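Dear colleague,

I am handing over the structure below, and after it I set out what was found. Please read the notes with the structure open beside them.

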Amino acid sequence: MLTTSKFKSLFFIAAFALLATATAQAAPKVGKPAPEFKGTDSLGKTHDLAQYRGKYIVLEWLNHGCPYVQKHYDSQNMQKLQTEWTKKGVVWLSVVSSAKGKQGNEEGVDANAAAKEKGSHATAILLDSGGAIGKAYEAQTTPHMFVIDSKGTLVYSGAIDDRPSTETDDVNGAKNYVSAALTASMAGKPVEVKTTKSYGCGVHY
Amino acid sequence: MHPFSPKLLGPALALFSVLLVPLPARANPVQSDHLQVALVSPATSVVRGQPVTVGVHFELEAGWHLYWKNPGDSGEAPRFKWILPEGLTAGPIVWPAPRALPMGPLLNYGYEKELLLPVTIQIPAELAPEWNEGDVLPITVAARWLVCHETCVPGQADLKITLPVRTSLTPANEIHTALFKLAEQEQPKRIAARVIQETDHFIVDLNLDPAALVDKPLVQFFPYESLLISHSAKQAIEFRKDGISLQLKVDNARDEPAPKLAGLIVIDGPSPRRTFDFDETIVRGKPQAAVATTKPAAAAPSKTAPGFLMVLLLAFAGGLILNLMPCVFPVLSLKILGVVRHTHDAKAARRDGWAYTLGVLVSFWSLAGALLILRAGSARLGWGFQLQSPGFIAILAVLMTLVALNLLGVFEIGIGLTRLGSFGGITPGGSAPTPRKALLSSFVTGALAVIVATPCTAPFMGPAIGFALTQNTVAAMAIFTSVALGMASPYALLGYFPRVLAAMPRPGRWMEHLRQVLAFPMFGTALWLVAVYSQLTDSMTAFKVLAALLVLALGAWIYGRYQQSDRKSFLVMLLALGVSATGIVFAIQTPDPSTLVRNTNAGDGTWEAWSSERVNALRAQGRPVFVNFTAAWCISCKANEVTVFQTDEIRQAFSSLNVATLKGDWTQQDDTIAAELESHGRAGVPLYLYYAPGSKGPPTALPSVLTKGIVLAALEGK
């Protein structure tokens, strides 16, 4: 029989081993559980991965000062995607990871104003000026898109489409990887293009 | 963008002038946002059947950059669309070697200041008959680019040059010839390479001309495509006599293994830079195969890679010295009690020593294993990484408080009224506990000692662990094992020296007092941990941890009362456990992200915040630069600060020699600092670097334990 003291000792040992690994931050990888995130949106509400279990999530890295983002907002492409997919129950989170004082940083009021001006239909705009969410997902560019399925698995990571440019016209006829991933995954089919190199401006951590 | 924005006016006007003015063999440069661009050619005419080289020439505003064909983590390469008379064809862009352009945690590949992108235009022998001798042939390109600084601005221009058709070549334009020659010199030489993938790393072995490797120049690999290697990860390089071995981190976003690896190797020596490239199939080898390829370096020891046996010895010595470090002392005091218990029982002392050694080993292995696993992921961590996480620090503080309370006798552990003092192996009655229990407690003491000791990267351990982290897993674990054995050796061996044991005082009543006294260094440790915690969060959050520890102490006290009372009430026990649990939960809960300090690497009055750009800028000004890499949890660093940097003598020396003092604070995880430490062969702080004024080479690394004399000698160039 184990004595309490042994229990305690074993607990300590186990705790050390566990704690050493608890700091692990798994890198985002398609096919694996999406990294945890927790953030506050422009209205002060908090969002985390766990609360949306059972729903599809799109993470969109956003910086309205970036010409690549402007391409998708000026052409209404992004808003159309947001409308289409949020109607189908997808949680669309735009994430602003520009650090305080860096270009693209948004505070609550500005973010709401910008979202209104651009006609954003995102579920929420997460303000990530500390870069925690961006770094957890290793978001490199604006835009950088991630699709998470209802089981919390990352099913797509990369560019919004196959036309890495700032030209608004390129939106027409481009293959949209986010729509493709959502369509396939929601139909229970494997996602054809799972990982691409995202394109755009660097995230201003 | 609005079609009539003033931004477009500039290029538009420039274009007009190109079209209206009689044309020389060079377009008027087009002025655009943050750059000037022109289509140029060394040729002054074209001859049927002979190719002609043209190039788009960018001159950039300071601080702005354009991108290479693989832009890296973000950005976009310039694109050209050629508009040519019938029959003419444009070849691909001949890209000059890029430079690595860091942007926070991201890395881009591109160009600053100036860029020439040459393209060869084929002129067919059967040029359409309408082109006669003396007619001018228009060569037009629609160029699009992205120019970035912090922000990015897309740009475009239609550029045109005209070249007269001649029957024989006319003299070249000298200015442009020189420009194109320079670009040509940077064209890579194709070489063979061996590329092996070891789970998450590519090992690239290249044979190179030894002349190119004199003085270990900067070597950088630029992949031709993305999603192959992690751009921003540190590229580890080993120099051999006749080549190099590069270790590149695989881009973990990639969903299936890459078939090939191709890219550019740039050797930054004296200009011009030397460039090579390779395009090889990736061999997926067992780690052993890769070891064989990287081992030649170990046979020929270099400054960055000391001989392996030497490293093991250093690691052992480092472990030994850890016992003298201030951060391990409180736990050590527990061990002293254990030693005293066995003063006259060598056999038990031996058994105990080995249990302690095992504890040290297991704890080191867990930490080292965790570190290696995390690094195999993407985290850029170094030794001491545990103390960069507020949650872990809080848990340690809880643990230390409990140990201290137990030593004081506030509560006991287990059934037989034994105390955590059984770590030291004593029961209040003075009788030894059961041997098995004593062994377990020795084991736990060993494990605990390691956890607490890690922030004191002892002087010998810096290079050893730094080296360990660049090695394959087996070698790394061997090094960590050596450190562990060094640390445990005094106790493991004590039992074999009965005379030393006999010289120890006899057990007695004094031990009870000693144990209670030892509670105070434990409290001290908890206090220090909370101080570190407050550096990572804010003072209010740290205060909450202290309050939670108070609640925990109350819980422990109630539990102690319960243990000592004759009529044990189940409710009292529940209350004790409930209060303790409340304290623990509140102490270790994850702090609100908003309270986390964003960036601990900020300067203060005396020290400017470190960045490699700042170091370069100061060196360019010819100033001597002293860099201090430190962390709030690094006790050795703090000791050096008090005994050396904060003395008038050193302050005066710094100011009279006009030394720029920079501080890299690694209290929080910081990839840039971790990378810099790694590049100097270190895995932790402290690290002190001195760049002598006007020196070009690598800095002098000062020892981890500083004296005023050492710093003064370094400043005086001795």
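With 22 C-beta neighbours inside 10 Å, Ala632(B) counts as buried (20 or more other C-beta atoms, placed from the backbone, within 10 Å of its own). This is a predicted model, in which local features need pLDDT of at least 70 and side-chain atom pairs count only at pLDDT 80 or more, while totals for chains, interfaces and linings use all residues. Residues are numbered from 1 along each chain as its sequence is written, and chains are lettered from A and ligands numbered from 1 in the order in which they are written.

Ala632(B) sits in the loop between strand E22 (625-630) and helix H17 (635-645) of chain B, helices (H or I, at least four residues) and strands (E, at least two) being DSSP runs numbered from the N terminus. Leaving aside residues up to four places away in sequence, Ala632(B) touches Val532(B), Gln535(B) and Thr667(B), where contact requires C-beta atoms, placed from the backbone, within 7 Å.

Turning to the helices, the axes of H14 (residues 539-564) and H15 (residues 570-588), both of chain B, come within 7 Å and cross at roughly 160°; axes are lines fitted to C-alpha atoms, for helices over the stretch in contact, and angles run from 0 to 180 degrees between N-to-C directions. H14(B) and H15(B) are therefore roughly antiparallel to each other (an angle over 145 degrees). Helix H13 (residues 510-536) of chain B packs with H14(B) at an angle of about 150°, their axes 8 Å apart, which makes H13(B) roughly antiparallel to H14(B).

Note on methods. Parallel < 35°, antiparallel > 145°, perpendicular 65-115°, else oblique. Buried ≥ 20, exposed ≤ 12 C-beta atoms within 10 Å, placed from the backbone. Contact = placed C-beta atoms within 7 Å.
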